[in-house]
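Here are my notes from a pass through this one, written up as numbered points. Have the viewer open while you read.

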Amino acid sequence: MATLLSPRRFTPSLRHLTPSRSKIRARDLSFPFCVTTRSLTQLASSSMSQSTTDLEPNPQNEEKKAGNSDEVLVQYVVLRRDLIDTWPMGSVVTQGCHASVSAIWSHKEDPHTLQYCSPENIDSMHKVTLEVKGETQILNLSEKLKAGGIAHKLWIEQPENIPTCLATKPYPKSVVALFFKKLKLCK
């Protein structure tokens, strides 16, 4: 099966492959190479740090990701305190749900997301819900995550065009915890 790969972004689907027999031949116009299932797995794990805005992966995060695969996976959800204080609680919770589902769906082929949503883990998901003061802080956090190569979804409520919250895709806690250490738990 011939496939053209973009050297800038590659997120493979491994569902139909078996490790012992599958071999994919991929060729870019500038360089031919052969990709096995094993190297696809490595490519998939190295492409996880791409944010939803096509930024290049951060090498520091890549080193951390190669670490402990038994580490707990966590999804961070960050809400705006000013909206919590002025909007009905159900509306704010709904915004967080939108961002969480969007972040997971946007990265549904990611190995960490697949593990996080797997049948054996579906009843023991870990989420951390935090808060920021307002719109400026959530936009700054989104930029910080983009710069760090952390994939996330900044939810913009329409038609009002209001950034209400953000959620990361599932990550090992050690990869993303430092980005959120200064934020308060949402109460």
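1. Let's start with serine 118, which counts as buried because its relative accessibility is 8%, under the 20% cut-off. Keep in mind throughout that this is a predicted model. As for where to look, serine 118 sits in the loop that runs between α5 (111–116) and β5 (127–132).

2. Next, arginine 80, in strand β4, which covers residues 73–80. Is arginine 80 buried or exposed? Its relative accessibility is 5%, so arginine 80 counts as buried. A polar atom of the arginine 80 side chain lies 2.6 Å from the backbone oxygen of proline 163, so that pair falls within the 3.5 Å limit for a polar contact.

3. What else does arginine 80 touch, leaving out residues up to four places away in sequence? The contacts are Val132, Gly134, Glu135, Ile138, Ile162, Pro163 and Thr164. Pro163 in that list is the residue whose backbone oxygen was mentioned above for its 2.6 Å distance to the arginine side chain.

4. On to the voids. Searching the whole structure for cavities of 30 Å³ or more turns up 1, and the volume of the largest cavity is about 30 Å³. Its lining is made up of Leu79, Arg80, Leu83, Trp87, Val92, Gln95 and Thr164. Arg80 and Thr164 both belong to that lining, and Thr164 is also among the residues that arginine 80 touches.

5. Which elements supply at least two residues each to the lining of the largest cavity? They are β4 and α4 (89–106). Sorted by class, the lining has 4 nonpolar, 2 polar and 1 charged residues. The charged class takes in Asp, Glu, Lys and Arg, so Arg80 is counted there.

6. Finally, the cysteines. The disulfide count is 0. Cysteine 97 is in no disulfide, and the nearest cysteine sulfur, from cysteine 165, is 8.8 Å away; a disulfide would need the two sulfur atoms within 2.5 Å. On accessibility, cysteine 97 is partly exposed because its relative accessible area is 42%, between the 20% and 50% limits. Cysteine 117 is partly exposed as well, with a relative accessible area of 29%.

Notes. Residues are numbered from 1 along each chain as its sequence is written. This is a predicted model: local features need pLDDT of at least 70, side-chain atom pairs count only at pLDDT 80 or more; totals for chains, interfaces and linings use all residues. Side-chain values use heavy atoms; hydrogens and water are left out. Helices (H or I, at least four residues) and strands (E, at least two) are DSSP runs, numbered from the N terminus. Buried means under 20% relative accessible area, exposed over 50%, partly exposed in between (1.4 Å probe, protein chains only). A polar contact is a pair of N or O atoms within 3.5 Å; within protein, one must be able to donate a hydrogen and the other to accept it, and residues adjacent in sequence count only if both atoms are side-chain atoms. Contact means heavy atoms within 4.5 Å. On a 1 Å grid over the protein atoms alone, a cavity is a set of points where a 1.4 Å probe fits but cannot get out, and a pocket is an open set with protein on both sides within 12 Å along at least five of seven lines; lining residues have an atom within 4 Å of a point. Grid points are joined across faces, edges and corners, and a volume is the space filled by probe spheres set on the points.
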